[in-house]
Amino acid sequence: MKPSSITTAAAAAAAAAAGLAFAHGVLAAAPTAGDLSILSMNVAGLPAILNSNDVPGDKTTNAQTIGAAFSRYGFDIIHVQEDFNYHAAIYAADTTHPYRTATSGGVPFGSGLNTLSNLPWLDFTRVKWDRCSDASSSDCLTPKGFTFMRVALSGGLTGGDNSAAVYVDVYNMHTDAGTEADDLVARQSNINQVAAYIAAWSAGNAVLVYGDSNSRYSRAGDTAIRGLLASGMSDAWVELERGGAVSAVETLCGNPSTTDYCETVDKVFYRSSPLATLTPAAFAYVGGRFLQADGNILSDHNPVQVNFTWAAGSALRQSNFWGGPHGTYWLDGVGLTLADGTSFSHGGTGGTAATLALGAAEYWVGAQLCQGQKSGETRNFYIRATTSAGRTLAAGTATEDCATFAAPAGWHIAGYVGQGGDEVDQLAFVYAPR
Ligand SMILES: *[C@@H]1O[C@H](CO)[C@@H](O)[C@H](O)[C@H]1NC(C)=O
């Protein structure tokens, strides 16, 4: 719905936008559709002395072979689990993925979770499970858990055109192993924890959750993954290999698997949102691409590849985020009032509000945000809104580090998304067709 007014407020009196430098270049528009190839692989990187994983050969050599294969097949976002003591060898042998998480350490310090990506991200977070069980296997030996990152499928890099971006919230996980009663309780708790995080942090966003779920639909006790499906996620294997139906019949995979019909514990869940659609196009166990020179396996898990197509929303789109990832001070707030009187505001209630009522055929179509440093953290200090009639409304104090945002042709700024509790720090604009 079209807002009827825009409100901005700043604790300091709104500063004049004097002396601002605008960079106007010829910028390629960010793509609004594309392909995404992902890989999930438990790389069996526990110290050889603790666990051979029934994989022959030298673990460092095997890690190098895994890293080289990561570079060879065009995977865009790779999630690894059990990436503990041979991590450096994998990263050294992968020569193509520019974005990588820093390891959280070997056994017993790290979670074994890492990501290698062709695409940049925001807000990487590691979360430890609230519950683990040593009923079978030593799940409490290391701080296992999940990771969160907001990956930019399009746009997302500041310095270019900030007006358009497509994001997907990407989670890697490694849940509790085993089938004893206490393992099942821990695993249910783990999946509930991821689901609660998604509900809190990924509301309204497309999501990918993939990793080692230690679960099979064929086990009656593995109720947690069915719960994920019930919460609105889909499983790429269920959709593409099983016609959308979950089966309780056990079909175990060989390694490497010669069929994609069988079930492993390594799973890929996804959901679309009004901002971005994810459609699975191909599912494959790709153990055959991860073999030693003598033909032996490199891991006791079949790596899983899924190819998706993605598309920006047809009724909602968004811009890049601007500002720092801190839940602290922002210029006091931005508000919108809809024609029916409903109003939304973010960023606190202080400051002096300035309001611009929009005319009947007038839309909010452009914005400028300026960020700066306060106490060593990046925050937004200034906003200026521009309407289709060329009128402007500003608040805050301009800095020299500004970004401009323009709604796509035929669209308008319908709202915004930010991060934080009482305040707004990062901000992105949400667009809707006029
Ligand atoms: C999946 O994507 C990769 C990388 O783009 C490509 O090489 C591969 O052919 C695709 N596989 C299928 C089955 O479409």
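Visitor: What is the relative accessible area of Phe-124?
Guide: The relative accessible area of Phe-124 is 29%, so the residue is partly exposed. With a 1.4 Å probe and protein chains only, buried means under 20% relative accessible area, exposed means over 50%, and partly exposed lies in between.

Visitor: And what sort of model is this?
Guide: This is a predicted model, in which local features need pLDDT of at least 70 and side-chain atom pairs count only at pLDDT 80 or more, while totals for chains, interfaces and linings use all residues. Residues are numbered from 1 along each chain as its sequence is written, and side-chain values use heavy atoms, leaving out hydrogens and water.

Visitor: How many aromatic pairs turn up?
Guide: A search of the whole structure finds 18 aromatic pairs (centres of Phe, Tyr or six-membered Trp rings within 6.5 Å; stacked under 30 degrees between planes, edge-to-face over 60, tilted for the rest). One is Tyr-73 with Phe-75, whose centres are 6.0 Å apart and whose planes stand at 50°, so the pair is tilted. Another is Trp-121 with Phe-124, tilted because the planes stand at 45°, with the centres 6.3 Å apart.

Visitor: Which residues form a ring cluster?
Guide: Trp-129, Phe-146, Phe-148, Tyr-171, Tyr-197 and Trp-201 are linked into a cluster by ring pairs.

Visitor: Back to Tyr-73 and Phe-75: buried or exposed?
Guide: Phe-75 has a relative accessible area of 0% and is buried, whereas Tyr-73, at 27%, counts as partly exposed.

Visitor: Changing topic, in what order do the strands of the open sheet run?
Guide: The 6 strands are ordered E6-E7-E8-E9-E11-E10, with mixed pairing. Strands E6 (121–128) and E10 (234–235) are the edges, each pairing on one side only. Strands (E, at least two residues) and helices (H or I, at least four) are DSSP runs numbered from the N terminus, and two strands pair if DSSP finds at least two bridges between them.

Visitor: In what sense do E8 and E9 pair?
Guide: E8 (residues 166–174) and E9 (residues 206–212) pair in the parallel sense over 7 bridges. His-174 stands opposite Asp-212 in E9.

Visitor: Which residues of H1 are buried?
Guide: The buried residues of H1 are Lys-59, Asn-62, Ala-63, Ile-66, Gly-67, Ala-69, Phe-70 and Ser-71.
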